[in-house]
Amino acid sequence: MNAVMATIFSASFLFSVIRLTTPILLAALAALITDRAGVMNIGLEGIMLCSALAGVVASAAFHSAFLGLIFAIITGVVFGLIMAYSALNLKADIILVGIAINLMASGGTIFVLYSICGDKGNSTSLKSLTMPSINIPVIGNIPVLGSILSGHNLLTYIAFLSVFLIWLLLYKTPLGLRIRVVGENPNAAESVGINVRKIQYIVLIISGVLASIGGAYMSMGYMDKFSRDMVAGRGFIALAAEALGTGTPVGIMGSSLIFGAADALATNLQVLNIPVQFVQMIPYALTIVGLIVYSVMRNRKEKKIGISK
Amino acid sequence: MKIGKRLLSALLIAAMSLTFALTGCSSQEAKSEEPAGSTSQSGSAASGKKLNVAILLNGTLGDKAFFDSAANGAKMMESELGCTTKVIEMTADETKWVPALTDASENPDYDIIIVGTWQMSEKLAQIAAQYPDKKYIIFDSSVDYTDGKCSNVYSIEYKQNECSFLAGVAGALTSKTGKLGFVGGMENTVINDFLMGYIQGAKAVNPNIKILISYVGNFTDTAHAKELTLAQINQGADVIFQVASNAGLGVIDGCAAKGKYVIGVDSDQALAFQSSDPAKAQSILTSALKRVDISITKAVKEAQAGTLKYGQSESLGLADDCVGLGTYNKNVTKDVQDKVAEYAEKIKSGSIKVDSAFGKSTSEIEAARKSVRP
Amino acid sequence: MKNKQSYSSKTIENRFEIFRVIVAIGISLLVALLLIMFASKQPLNALKWFLAGPIMTMRNFGNVLELFIPLTFGGLSIAVMFQCNQFNMAAEGSFFLGGLGAAMIAVGVKMPSVIHAVVALLAGALFGVVLCLIPAILKVKWKANEVVSSLMLNYIALFFGSYILQYMLMDPDAGYIASHSFPKSARLAVIIPKTGVHMGIFIAIVMVVLTYLFLYRTKWGYAIRITGQNENFAKYSGIGVGSTIILSQIAGGALAGMGGATQVLGMYTRFSWVSLPGYGFDGIIISILAKNNPKFIPLAAFFLAYLRVGADIMSRRSDVAPEVVSIIQAIIVVLIAGKMFLDTYKHKMIVKNSQRQVKEEA
């Protein structure tokens, strides 16, 4: 037990928390931006998986990790557009579109992988590239903090930078204002001349970009290969993180970090004398508890507002 | 109405191309089948019968291990024995296995049908009884032969605990920290059989050895496997044995990133990475091999000669070259290799009996795990 | 124009819906065709097996019927919940736990033949209900998003189930992680020899009828449908929205759980699920194809079963991977769920019809 406590309070544990948080954070931000415009994107899991594959294939084809990332992002944008067209033009329920994308991604990536590599499991036969890890000059030299914050993958820094960028977008730009108005009351937004459909198109594209970076991180940062179903539910966890994140980028960073920590904890607790199944349950059980707590708090708040009125 | 017309014509084209496809390919099929049939007949008349073998995998290719090794067996049969082979992936969906097996059994082209793993044994026993004229081989498991059943089935079992014993010996001798790691895909009996041998082997050379044991929970989440590996390394493990199929790539990746050793599984993983990723090949200490390819080729060779013992099960281990360790990392000293060879001899001669997970309850396995927990 | 009569706009809409479904299926099959042409060295051969394989032998057709059973249950379960506008994804977990519950009864207690199977099926249904109830209660009580909570619950159900399997049900002599084998008394008998088609097919059909009657002939079904169409209207007309939502999840969970039980007792000799079976998510496709109407669920389930079996046969006989089906499914779902898909065409039909009506009256 002492050994476990020692591990949890070590720098390498906190480093791994950040590493584990990255894909969840990116996908949760992707969920946030659409949610603020009144659209629920549950296709994140599938978009991440498709982008993960696209990045690997493109980086191997063009011998450039950067072009790989670009292709991953393009894939994300295309899926964002498909979702937007299906939901906004064809008026399909967005949740169903998301489910369709997830169902398609799992089999579709294997189909494509098999067509390209003749392999159904992973892309070992492709010489794909990874995004570089970055040592931050000054911070990297600070004793403990440096070893926690420096040396992560470039995409990890992009993820945390995105928190700031999304905050900036939502609260400091006219577009952000429109997004929030559309989310709160689409009818009112329409009446003041905001093109609701256009705004929702935009958020789904941004969402696709963020999710695709999360997907690229899985196959070109975290790992250096694509393997089937490698996103493994992180897109769903991100939805939960978004639900608990109080609707703000900073809140979502907090909830994503909690999930990263829960995941890291589950990883380290396997050495204890607990059936492994219960340890594996931790992140999911935590989500539900968190969801309840958050919902209860929100309801109380709403009631209070109701009374004061 | 424009859209309607366009749609209608699209549908018409689809329908036409479909009917064309159906009629077109039935004629093609007939053409292609005839010469194939005639050659096989003349072939069997001239030289000893060249067998047509179907290998049905209850999983998918690409694990760089178990199933890929079986597919490699198909290649060996083609090149060494002149067989015709077809590898069929039945995928991990259990409800598809019986249909696929029945399908193959009813196909008159196949002389021998090969399946593998414990999950197939009861299903094979049922179907083999319905097609007494077909011949079957099952690897990594045995069918139930009591009451003279399954006289048309030959079973191959592997003593994977023997090769993992040697992996434990090599790992414990290499480790500087006295802590080893074990990352399994899911808890199941074969994975735990690997674990039993590994624990026993490691303890044989270092009674105080500690082993960190983790399970990914599936065979696909490479990222989680990597995370488990990094956690084990943080807790002091410096040699990690991975038995996690596809997810095992994450273990190899994690060890390569931290400069620790990993022991591969099923096929020689150092060779698999040699050309595509030499850095990873460097971090592989050795691999615990289950030579599915050698064993099924051997069986088919015997079948071709007419000496294969159908209606029996054989347990193949170190003594038969069907399990063992793969190529060593160049940093493994001769002393270590000699020690491993020494233990291999002891196992072959029967003076060491290796622990198995088969027939053990969950709590007995838990006790073994406890004995090496740090 | 004389012999062409005009229709009520409702008939037109119904006819149009059928037309739309056919077009959606046509388009997706066309895409599949292109993909196969692209991926295969012998596309025509692959296509033949894909489209005609399932009806070439009785056994292949048997496979379609075998798959039809769990898909029907999955579709029914989702349809009941979608009718109430609840996107509860826990049907997937319920299917899994239903199988587990049935296995526990099958292995754990001794009973006479038929009764044993019935009790096992009911146990499965009960397990399913328990799981599906959780997101419903969280939603009604605290307005917690049911999509998120149910997705997470699926994982918890999986890990919980594997724990039970490993520590309570496992047969150490099986050689793999599996329960002891089911006694004959609990298994659902095979009804078509040389195939795996079992009694479960009758249970599925009965459940289709019961679910239809429940949704369209009882006041509870009415409440579910009204709540799904317009929650506020339901409130004003005095329907207890909260209890209706819970009721729909109970029904959905029971159907999914019973589906899991039927599948395990009919198709397996031991319980050995170590991952989620996927029929809950398949249920979504089926329910959408069937417009959430139990009447059409068997048709949709049969269609999907046919596609899947065709793809399997194709992958066994040719070089095309069966995963191509997943792309077909996604296109069908999106096009059918898209209310505006072919909408301009529908409007034209209605306009033409009313013009005709005007003429007739004149």
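How much area is buried between chain B and chain C, and what share of it do carbon and sulfur atoms give? I looked this up first: about 3900 Å² is buried, with 58% from carbon and sulfur atoms. Buried area here is the accessible area (1.4 Å probe) that two parts lose on being put together, summed over both.

Conventions. I note that this is a predicted model, in which local features need pLDDT of at least 70 and side-chain atom pairs count only at pLDDT 80 or more, while totals for chains, interfaces and linings use all residues. Residues are numbered from 1 along each chain as its sequence is written, chains are lettered from A and ligands numbered from 1 in the order in which they are written, and side-chain values use heavy atoms, with hydrogens and water left out.

Entry: B–C interface. I found 39 residues of chain B and 42 residues of chain C in the contact (heavy atoms within 4.5 Å). Two salt bridges cross this interface, taking a salt bridge as a side-chain nitrogen of Lys or Arg within 4 Å of a carboxyl oxygen of Asp or Glu. One of the salt bridges I looked up pairs B:Glu106 with C:Arg59, at 2.5 Å from N to O. On the chain B side, at least two residues each come from helix H1 (2–46), strand S2 (84–89), helix H3 (97–106), helix H4 (121–130) and helix H13 (362–371). Helices (H or I, at least four residues) and strands (E, at least two) are DSSP runs, numbered from the N terminus. H1(B) gives the most to that side, twelve residues.

Entry: B:Glu366. I checked its partners in chain B. B:Glu366 forms a salt bridge with B:Arg369 at 2.9 Å between the closest N and O atoms, and another with B:Arg373 at 3.4 Å. B:Arg369 and B:Glu366 are three residues apart in helix H13 of chain B, so about one helical turn separates them. B:Arg369 is buried at 5% relative accessibility, and B:Glu366 is buried at 19%. The classes are buried (under 20% relative accessible area), exposed (over 50%) and partly exposed (in between), with a 1.4 Å probe and protein chains only.

Entry: B:Lys334. I found a salt bridge from B:Lys334 to B:Asp338, with the closest N and O atoms 3.1 Å apart. The two residues are four apart in helix H12 (residues 334–349) of chain B, so they too are separated by about one helical turn. B:Lys334 is exposed at 59%, whereas B:Asp338 is partly exposed at 37%.

Entry: whole structure. My search over all chains gave 18 salt bridges.
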